[in-house]
Amino acid sequence: MYMNSKRVVFTGGHAGTTAIAVIEEVKRQNLGWDIYWIGPKKTFEGKAISSYHSRVFPRLGVVYKGINTGRLQRRLSIWTIPSILRIPFGFIQAFRQITAIKPSAVVSFGGYVAFPVAAAAWILGIPVIIHEQTMAAGLANKLTSFFARKIALARKASEEYYSKGKTEVTGNPIMSAILSVKPKTKIGNPPTIYITGGSSGAQAINRAVNSVLEKILLNYKVIHQTGDLDFSFFEKRKESMDKKLKDRYEVFGFMDPSEIYKVYEKADIIISRAGANTVSEIMTIGIPSILIPIPWARYDEQTKNADLAKVSGIARVLKQNVLAGQKLLDEIEGTKKEWVHMVNSMDRSIGLLDKGASLRVVDIIKRYIK
């Protein structure tokens, strides 16, 4: 920590790589800020799995503070009522953290944890800045926008969801190591597929992959980030394979963001959810992809993200309601056939916007640091 330095709180339940990219820019400019991250203590309701933010941010010199708050869930489960009952406790914890840290500003990257943190900052008269990564608006960011002095938008299309007097288009910050990845001009032999459901994994994708995994491995190498919930299952699947297939299959529960650029350097095709950060990275590097949007998002933001990548020419979109093993195989083969065309004809303008996004976001934060 710096003596007498300014303190800035970053907060959110996701968007870790976006925050890391902004932290890199803060360090590059040698601003001397002490950065804190207030995030969720656990990744899943009812599961003793620590959030990936708590594993990653301390290594970057960021002070991690976990709070245990609830959220309004879109789907009923046995955790719905307990989650709602924890919401008031989240506000109390957030207020205590903000009062103790005394930050000069709070920067929200979305997610249910961000709302009580932003509310506490607003009550205490601390400036709140939001970064919205999606083509639409995340529910937490939409609610938090009431407290915000400025809302940085990754995409101009998001303007309709917020007060125009508060918004500014910045692009979506991308980590420097990912920006250094050189686009491929030739597909591998055999091609390498990177399968991911985001930091927590996606069980719908994993189920489809599981049903055709050996068939995929006959013609492709696979790097599979399963999420912590499914990791042990797929690890056992690998052990049961013959040596040829086993050698073609790498499986991870969690992928450290600082290592993801190495995967992108290997990947010829990506199968993924359509989270804003992943889509930005795909479009910046230019990796042909199959995107499977989460279907229950409030403003259908993942579908909008996926459609943007599809229009740019670098992605195919596969709806979850038709997701099955054979359909996934067909999409993989279709992407392989179109690979050269997708790489050579894609629109790279979005990637150019995102390359300068970290600088623009930090410039906004600096306006509110006193």
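**Note on aromatic pairs and a helix contact**

1. F234 is buried, since its relative accessible area is 2%. The model in which this residue is placed is a predicted one.

2. F233 and F234 pair with each other through their rings. The centres lie 5.2 Å apart and the planes stand at 85 degrees, an edge-to-face arrangement. Planes over 60 degrees apart count as edge-to-face.

3. In total, the structure contains 10 aromatic pairs. Another of them joins F10 and F109: with ring centres 5.5 Å apart and planes at 70 degrees, this pair is likewise edge-to-face. It connects distant parts of the chain, as 99 residues separate F10 from F109. F10 belongs to strand β1 (residues 7–11), whereas F109 sits in the loop between β4 (105–108) and α4 (114–123).

4. Are F10 and F109 buried or exposed? F10 has 0% relative accessibility and so counts as buried. F109 is also buried, because its relative accessible area is 0%. The cut-off for this class is under 20%.

5. Aromatic residues also gather in a cluster. F91, F115, W122, F146 and F147 together make up one aromatic cluster.

6. W33 deserves a separate entry. This residue lies in the loop between α1 (16–28) and β2 (34–40). Its relative accessible area is 10%, so W33 is buried. Although W33 and S104 are 71 residues apart in sequence, their C-alpha atoms are 9.7 Å apart in space.

7. The remaining points concern two helices. Helix α7 (residues 203–219) packs with helix α13 (residues 325–345) at an angle of about 50 degrees, and the axes are 8 Å apart. The two helices are therefore oblique to each other, because the angle falls between the limit of 35 degrees for roughly parallel and the 65 degrees at which roughly perpendicular begins. The crossing of α7 past α13 is right-handed.

8. Which residues of α7 and α13 meet? On the α7 side they are A208, V209, S211, V212, K215 and I216. On the α13 side they are G325, Q326, L328, L329 and I332. Sorted by class, this contact comprises seven nonpolar, three polar and one charged residues.

Technical notes. Residues numbered from 1 in each chain as written. Predicted model: local features only at pLDDT ≥ 70, side-chain atom pairs only at ≥ 80, totals over all residues. Heavy atoms only, no water. Axes fitted to C-alpha atoms, helices over the stretch in contact; angles between N-to-C directions. Helix = DSSP H or I, 4+ residues; strand = E, 2+ residues; numbered from the N terminus. Parallel < 35°, antiparallel > 145°, perpendicular 65-115°, else oblique. Left-handed = near helix turned anticlockwise from the far one by under 90°. Contact = heavy atoms within 4.5 Å. Nonpolar A, V, L, I, M, F, W, Y, C, P; charged D, E, K, R; others polar. Phe/Tyr/Trp six-rings, centres within 6.5 Å; stacked < 30°, edge-to-face > 60°. Buried < 20%, exposed > 50% of the residue type's maximum accessible area, 1.4 Å probe, protein only.
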